[in-house]
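User: I am new to reading protein models. Please take a close look at the packing here, and walk me through it step by step.

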Amino acid sequence: MIHPLVSIIVPIYKVEPYLRRCLDSIVNQTYANLEIILVDDGSPDGCPQICDEYAAKDKRIVVIHKQNGGLSDARNVGLDICKGEFISFVDSDDWVDEKYIEELFKITIKENTDIAIAENIRTTQNTPKQDSKSVIKTYSNKEAIFHLFSQNHLAFIVSWGKIYKQNLFSTLRFPIGKFHEDEFTTYLLFNKSKKISYTSKILYFYFQRPDSIMGNQHPHDLLEAEEKQFDFILKNNMIDLLSTQAKLICWQILYINSISSNENLKIKLYYYEKYLKKQSNPFIHYFLLKIFCKHPYLYTILRKISPFHIRK
């Protein structure tokens, strides 16, 4: 079997206690034809020195030292220089099974798929025992998008824990300056694919630190991502997903405004969500949602004079 080059992009920032564990898991992969791109995103601790140390020992490692620009920017820098036919992302406080790349690459060949997804587990210092039983499922792009939006399955949502054909990123990059960057990009990558495969085998070990990005909520960015997802759903006539996505957006607005304990807005959200579930016309649905998201109080005025009045 031909083993094409696989580029693994690792954004690095303030993870000195965890970085060696991550890098050891990558350099010890059973799939050897790797380009390992370490993007030091201006880390102020000992991470830059650790990166250089590993690069001196392994010729497959490329180190980029840059000013801090955030996770998306670091990933994009790696994408701009990578040479692999396949791409994978690993977060620098996580680690992977020694067969992570080998297993996912085999799936792409066997299933003739553009993206292969590994199951992950949130864990601590110890690598948990594997369940010997695992299943592989292959989806069309529309089936994968439906699963992504309707099931809230972490393995599908995040950018890490996957292997991608390089051409999927030919015109796509992560949004700089945004948190929840995966919610802005994953569905677009699925849409560019013909088939997406998933294995229930746990190959990625996700370590959530108290100070990690995922450990902190940035609801305004998440709301923006969900609105873009809604636009995509409407544009592609995925009617079955409209009310599901509308519900996510409604609850995100509720979360943002709950900080100020705005009980009046909570009530509006409750009735708005209730209304969306009954709304059959996707264009009215879309129009009202966009007004509500941007100007909830204007929406309140408009609904009083519109024929689409919400009743309890």
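Analyst: Start with the crossing of helix α1 and helix α2, which is right-handed. This is a predicted model. Two numbers describe a pair of packed helices: the angle between their axes and the distance between those axes. Here the axes of α1 (residues 16-27) and α2 (residues 47-57) come within 10 Å. They cross at roughly 20 degrees. An angle under 35 degrees counts as roughly parallel, and α1 and α2 are therefore roughly parallel to each other.

Which residues make this contact? From α1 come E16, L19, R20, L23 and D24. From α2 come C47, I50, C51, E53 and Y54. Look at the spacing of those numbers. An α-helix has 3.6 residues a turn, so residues three or four places apart point the same way. Now sort the contact by class. Six of its residues are nonpolar and four are charged. None is polar.

Next, compare another helix pair. The axes of α7 (181-192) and α8 (residues 219-235) come within 8 Å. Their crossing angle is roughly 25 degrees. That makes α7 roughly parallel to α8. On the α7 side, E183, F184, Y187, L188 and N191 make the contact. On the α8 side, the residues are D221, L222, E224, A225, K228, Q229 and F232. This contact holds six nonpolar, two polar and four charged residues.

Helix α7 also has a part in covering another helix, α3. Is α3 enclosed or open? Eight of its 11 residues, within the run 71-81, are buried, so α3 is largely enclosed by the rest of the structure. The buried ones are L71, S72, D73, A74, R75, N76, G78 and L79.

Most residues other than glycine have a negative phi. K14 has a positive phi of about 50 degrees, although it is not a glycine. K14 sits in the loop between β1 and α1. H180 also has a positive phi, about 55 degrees, and it is not a glycine either. H180 lies in the loop between β8 and α7. Are these residues buried or exposed? K14 has a relative accessible area of 45%, so it is partly exposed. For H180 the figure is 18%. Buried means under 20%, so H180 is buried.

Finally, step back to the whole chain. It has 12 helices and nine strands. Of its 312 residues, 54% count as buried. Among contacts with a separation of 6 or more, 80% join residues 24 or more positions apart.

Note on methods:
Residues are numbered from 1 along each chain as its sequence is written. This is a predicted model: local features need pLDDT of at least 70, side-chain atom pairs count only at pLDDT 80 or more; totals for chains, interfaces and linings use all residues. Side-chain values use heavy atoms; hydrogens and water are left out. Buried means under 20% relative accessible area, exposed over 50%, partly exposed in between (1.4 Å probe, protein chains only). Helices (H or I, at least four residues) and strands (E, at least two) are DSSP runs, numbered from the N terminus. Contact means heavy atoms within 4.5 Å. Axes are lines fitted to C-alpha atoms, for helices over the stretch in contact, and angles run from 0 to 180 degrees between N-to-C directions. Angles under 35 degrees count as roughly parallel, over 145 as roughly antiparallel, 65 to 115 as roughly perpendicular and the rest as oblique. Ala, Val, Leu, Ile, Met, Phe, Trp, Tyr, Cys and Pro count as nonpolar, Asp, Glu, Lys and Arg as charged, and the others, Gly among them, as polar. A crossing is left-handed if the near helix is turned anticlockwise from the far one by less than a right angle, and right-handed if clockwise.
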